Amino acid sequence: MTVHVAYFAILREERGCSGETIETTEATALGLYNALRGTHGFSLPADRLKVVINEEFQPWDHALSDGDAVVFIPPVAGG
Amino acid sequence: MFSISAVPIDPSIHHAALREPAAGACVTFEGWVRNRNEGRAVVSLEYEGYDAVAVKEGERILAEARERFAIAGAVCIHRTGHLRLGDMAVWVGVSAGHRGAAFDACRYIIDETKLRLPIWKKEHYEDGDSEWINCQAVPTAIARPVTLPG
């Protein structure tokens with residue numbers, strides 16, 4: 001399936017771009033992050049992040065669907 | 001109303017939106033860029049937001065505040081972009097019949113905003129270094145060497 005991944009903040013800098021479209025066989029958001037971390041060397045483990053799929057927060061075991069917009073959320077620091 | 005602003009926040013515009021005949025109290029909070037964090041001299045910072053989700057989550061926080069506290073109006077604006085010392089990073093305004101609910105709701109909104117909004121802060125330090133706050137691979141308390149007295 002194809003998913004659209006957007007990167008923000010530290011992940012954007014570590015990946016060197018703000019988003020990409022990826023072909024993946026990973027079934028869950030967690031599997032996708034761990035695969036991408038393995039490829040790109042993201043410094044933060046999944047347990048420090050949250051995940052948003054199609055603009056809603058979801059659990060890490062959320063099943064991916066073709067065309068999903070996936071955003072991994074590093075620790076926030078607003079305010 | 002919650003919004004993200006890439007330009008300086010003008011509280012006077014949003015203040016007017018809080019006015020209601022039944023409101024006898026108004027509490028506002030301004031978050032400013034401070035010159036030190038964790039002992040390091042800060043010269044400027046950048047806020048980056050996932051705007052679509054930040055607005056959704058911000059509206060949820062305001063709705064929760066309306067459910068929990070007897071308030072009339074609530075507004076929160078968060079800046080993104082490059083900010084200098086003293087710039088306003090966030091503005092919260094709450095109006096209510098009485099001051100108790102206005103103080104409580106204002107506190108609730110800023111606390112939840114800091115915890116939940118997908119907004120990130122990169123601090124630039126006097127020594128030229130910079131850092132995404134809360135994003136160290138090893139939590140700060142462990143990464144920083146502890147200096148024992150004596």
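This is a predicted model: local features need pLDDT of at least 70, side-chain atom pairs count only at pLDDT 80 or more; totals for chains, interfaces and linings use all residues.

Visitor: OK, so where does Lys56(B) fall, at what relative accessibility?
Guide: Lys56(B) has 29% relative accessibility, so it counts as partly exposed.

Visitor: And what does Lys56(B) form a salt bridge with?
Guide: With Glu56(A); the closest N and O atoms of the two are 3.3 Å apart. Lys56(B) sits in helix H2 (residues 51-68) of chain B and Glu56(A) in strand S4 (residues 56-58) of chain A, so the pair joins two chains. Glu56(A) comes out at 30% relative accessibility, so it is partly exposed.

Visitor: Which side chain meets Glu56(A) in a salt bridge at 2.9 Å?
Guide: That of Arg60(B), with the 2.9 Å taken from N to O.

Visitor: How many salt bridges are there between chain A and chain B?
Guide: Five. Over all chains the count is 14.

Visitor: What about the interface itself, how much area do chain A and chain B bury?
Guide: About 2200 Å² between them, with 55% of that on carbon and sulfur atoms. On the chain A side, Glu55(A), Val76(A) and Gly79(A) supply 28% of the area buried against chain B, more than any other three residues. In terms of contacts, 20 residues of chain A touch 27 residues of chain B.

Visitor: Switching to chain B on its own: what's the fold pattern?
Guide: Along the sequence it reads β-α-β-β-β-α-β-β-β-α-β-β-α, with four helices and nine strands. Of the 150 residues in chain B, 46% are buried.

Visitor: How much of the contact set in chain B joins residues at least 24 apart?
Guide: 77%, counting contacts between residues at least 6 apart in sequence.

Visitor: Which residue does Arg40(B) form a salt bridge with at 3.0 Å?
Guide: Asp129(B), going by the closest N and O atoms. That pair links distant parts of the chain, 89 residues apart: Arg40(B) is in strand S4 (residues 40-49) of chain B, and Asp129(B) is in the loop between strand S8 (119-125) and strand S9 (130-132).

Visitor: Is Arg40(B) buried or exposed?
Guide: Buried, at 18% relative accessibility, whereas Asp129(B), at 35%, is partly exposed. Arg40(B) also forms a salt bridge with Glu131(B), at 3.5 Å between the closest N and O atoms. Glu131(B) is in strand S9, 91 residues from Arg40(B), and both residues are buried.

Terms used:
Residues are numbered from 1 along each chain as its sequence is written. Chains are lettered from A and ligands numbered from 1 in the order in which they are written. Side-chain values use heavy atoms; hydrogens and water are left out. Buried means under 20% relative accessible area, exposed over 50%, partly exposed in between (1.4 Å probe, protein chains only). Contact means heavy atoms within 4.5 Å. Buried area is the accessible area (1.4 Å probe) that two parts lose on being put together, summed over both. A salt bridge is a side-chain nitrogen of Lys or Arg within 4 Å of a carboxyl oxygen of Asp or Glu.
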